[in-house]
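Visitor: I am new to this structure and would like a short tour. Please show it first, and then I will ask about its parts.

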Amino acid sequence: MANKFKRTTITSALPYANGPVHIGHMAGVYIPADIYARYLRLKGEEVLFVGGSDEHGVPITVKARKEGVTPQDIVDRYHKIIKDSFEEFGISFDVYSRTSSETHRKTASDFFKTLYDKNEFITQTSEQYYDEEAKQFLADRYITGECPRCHAQGAYGDQCEKCGATLSPDELINPKSTISGSSKLVKKETKHWYLPLDKHEKWLSQWILEDHKEWKTNVYGQCKSWLDGGLMPRAVSRDLNWGIPLPIEGAEGKVLYVWFDAPIGYISNTKEICAAHPEKYGNWEKWWKDPETRLIHFIGKDNIVFHCIVFPAMLKAEGSYILPDNVPRNEFLN
C-alpha cells in the first residue's frame with residue numbers, strides 16, 4: 001500500500017432496526033470487520049471500530065402501524081436486541097449507538113444545512129399520491145393494489161412480493177392507502193431536495209475506476225456499472241413524520257431520506273465515543289478529517305452504491321472529510 005496511515009476508522013453497515021440480525025449478517029459484515037479491527041489492535045495500531053442501528057425510514061413506520069405502537073417503540077425494541085446480540089457474539093465495537101440519538105439528529109441536520117448553504121442541492125417538484133382522509137403523502141410502501149404483472153392482490157407501490165416485480169405506485173391497479181384504507185387517492189404536488197450525483201460523476205469515475213482498481217471485483221464492477229450508466233440526482237428528503245426534520249424554511253412535514261441520514265451515523269457515533277472518552281480517542285475530527293486516517297467501510301451487497309458513490313459524494317460536497325480508502329463487501333452466508 002502506497003500510503004502510510006497513522007490510524008484506521010472502521011465502519012460496519014448499520015443494521016436496520018425493524019428486526020434482529022442473523023448469522024448471515026454476522027458472516028457477511030460484522031465478523032470480517034471485527035477480525036480486521038482485532039488484527040490492527042494486536043499490531044498496536046490506533047483504530048476505531050464504529051457500529052450502530054439505522055432507525056429511520058418507512059419500513060419502521062409500517063411495522064409500527066401494523067403492531068399498533070410508535071416507531072420509537074419499534075426501534076427501542078430492536079436496537080436493544082441487536083446490540084445485545086453483538087455483545088453476546090463478542091463483536092468488539094468501540095462504539096455501538098443509534099441514529100435516533102440527539103447527537104445524530106444534530107450532526108445529520110447540520111450536515112444537510114452545510115450542503116444546503118453551499119447550494120449543493122437542487123429542488124424538483126413532482127406529483128405524489130396523497131391520502132385526504134389521513135391528510136398525508138403516501139410513501140410507496142403505504143400504497144397497495146393489484147399487481148399489473150401477475151395480478152396478485154396486495155402488491156406494494158414499490159414491489160410485488162408474489163412475483164418480485166419492481167413497481168411504481170402509478171402501475172398498481174386500484175391502488176389504496178394502507179393507512180386509512182381509502183381508495184380515493186389524489187395526486188398532489190410536493191417539492192423535494194436532491195443531491196445531483198451527475199455533478200460528481202467525473203471525479204467519482206477517476207477516484208474509483210482509476211485510483212481504486214484494487215477494490216474487490218464485486219464492488220468495483222457494480223460501481224463501474226453505475227458510472228457507465230450515468231448518475232442521476234437522488235432525493236435527500238421525504239414526506240414522512242418519522243425521521244430528522246429538514247432544518248430549513250418551507251420544508252414542513254419533510255424529513256431527511258433515510259439513505260442520507262444513516263451513513264452520517266458513523267460520524268455521529270464517533271462524536272459520541274470521543275466526547276465520552278476523550279482521553280482514549282481524542283477529537284472526533286481526527287478519525288474523519290485527517291488525511292493520515294484510513295477509512296474502511298465493511299458492507300453487505302445492497303450497500304455498495306451508498307458507500308462507494310452516494311456517501312463519498314456527500315462527504316466531497318461538504319468539503320472537509322476524508323473519503324473511504326477501501327469498501328470490502330462480502331457475501332452473506334445463506
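Visitor: How many bridges join strand β4 to β5?
Guide: This is a predicted model, in which local features need pLDDT of at least 70, side-chain atom pairs count only at pLDDT 80 or more, and totals for chains, interfaces and linings use all residues. Residues are numbered from 1 along each chain as its sequence is written, and side-chain values use heavy atoms, with hydrogens and water left out. Helices (H or I, at least four residues) and strands (E, at least two) are DSSP runs numbered from the N terminus, and two strands pair if DSSP finds at least two bridges between them. Strand β4, residues 122-131, runs antiparallel to β5, and the bridges joining them number two.

Visitor: Which residue of β5 stands opposite Asp131?
Guide: Strands of a sheet pair through backbone hydrogen bonds, either parallel or antiparallel. For β4 and β5 the direction is antiparallel. The residue opposite Asp131 is Gln136.

Visitor: In what order do the four strands of the open sheet lie, and which stand at the edges?
Guide: The pairing in this open sheet is antiparallel, and the order is β5-β4-β9-β10. Each edge strand has a single partner strand, so one side of each is left without a neighbour in the sheet. The edge strands are β5 (136-137) and β10 (234-235).

Visitor: How do the axes of α7 and α10 stand to each other?
Guide: Axes are lines fitted to C-alpha atoms, for helices over the stretch in contact, and angles run from 0 to 180 degrees between N-to-C directions. The axes of α7 (residues 258-276) and α10 (residues 304-318) come within 11 Å and cross at roughly 80 degrees. Angles under 35 degrees count as roughly parallel, over 145 as roughly antiparallel, 65 to 115 as roughly perpendicular and the rest as oblique. The two helices, α7 and α10, are therefore roughly perpendicular.

Visitor: How many nonpolar residues does the contact of α7 with α10 have?
Guide: Contact means heavy atoms within 4.5 Å, and the residues that make it include Trp259 and Phe260 of α7 and Phe306 and His307 of α10. Ala, Val, Leu, Ile, Met, Phe, Trp, Tyr, Cys and Pro count as nonpolar, Asp, Glu, Lys and Arg as charged, and the others, Gly among them, as polar. The contact has no charged residues and one polar residue, and its nonpolar residues number 11.

Visitor: At what angle do α2 and α3 pack?
Guide: Helix α2 covers residues 58-67 and helix α3 residues 71-89, with their axes 8 Å apart. They are therefore roughly perpendicular to each other. Their contact has six nonpolar, one polar and three charged residues. The packing angle is about 105 degrees.

Visitor: Which residue forms a salt bridge with Asp290?
Guide: A salt bridge is a side-chain nitrogen of Lys or Arg within 4 Å of a carboxyl oxygen of Asp or Glu, and by this rule the count comes to 24. Asp290 lies in the loop between α9 (285-288) and β13 (293-298), and its partner is 283 residues away in strand β1 (residues 7-12). The closest N and O atoms are 2.9 Å apart, and the partner is Arg7.

Visitor: Is Arg7 buried or exposed?
Guide: Buried means under 20% relative accessible area, exposed over 50%, and partly exposed in between (1.4 Å probe, protein chains only). Arg7 has a relative accessible area of 9%, so Arg7 is buried.

Visitor: How far apart in sequence are the parts that Lys199 and Glu120 tie together?
Guide: The side chains of Lys199 and Glu120 meet in a salt bridge of 2.9 Å, N to O. Lys199 lies in the loop between β9 (186-195) and α5 (201-210), and Glu120 in the loop between α4 (102-117) and β4, so the parts tied together are apart by 79 residues.

Visitor: Where do Asp228 and Lys224 lie?
Guide: They form a salt bridge, with the closest N and O atoms 2.7 Å apart. Asp228 counts as exposed at 52% relative accessibility, while Lys224 counts as partly exposed at 37%. They are four residues apart, about one turn of the helix, and both lie in α6 (residues 217-229).

Visitor: Where is Asn174, which has a positive phi?
Guide: Phi of Asn174 is near 55 degrees, a positive value in a residue other than glycine. Asn174 is exposed, with a relative accessible area of 63%. Its place is in strand β8 (residues 173-177).
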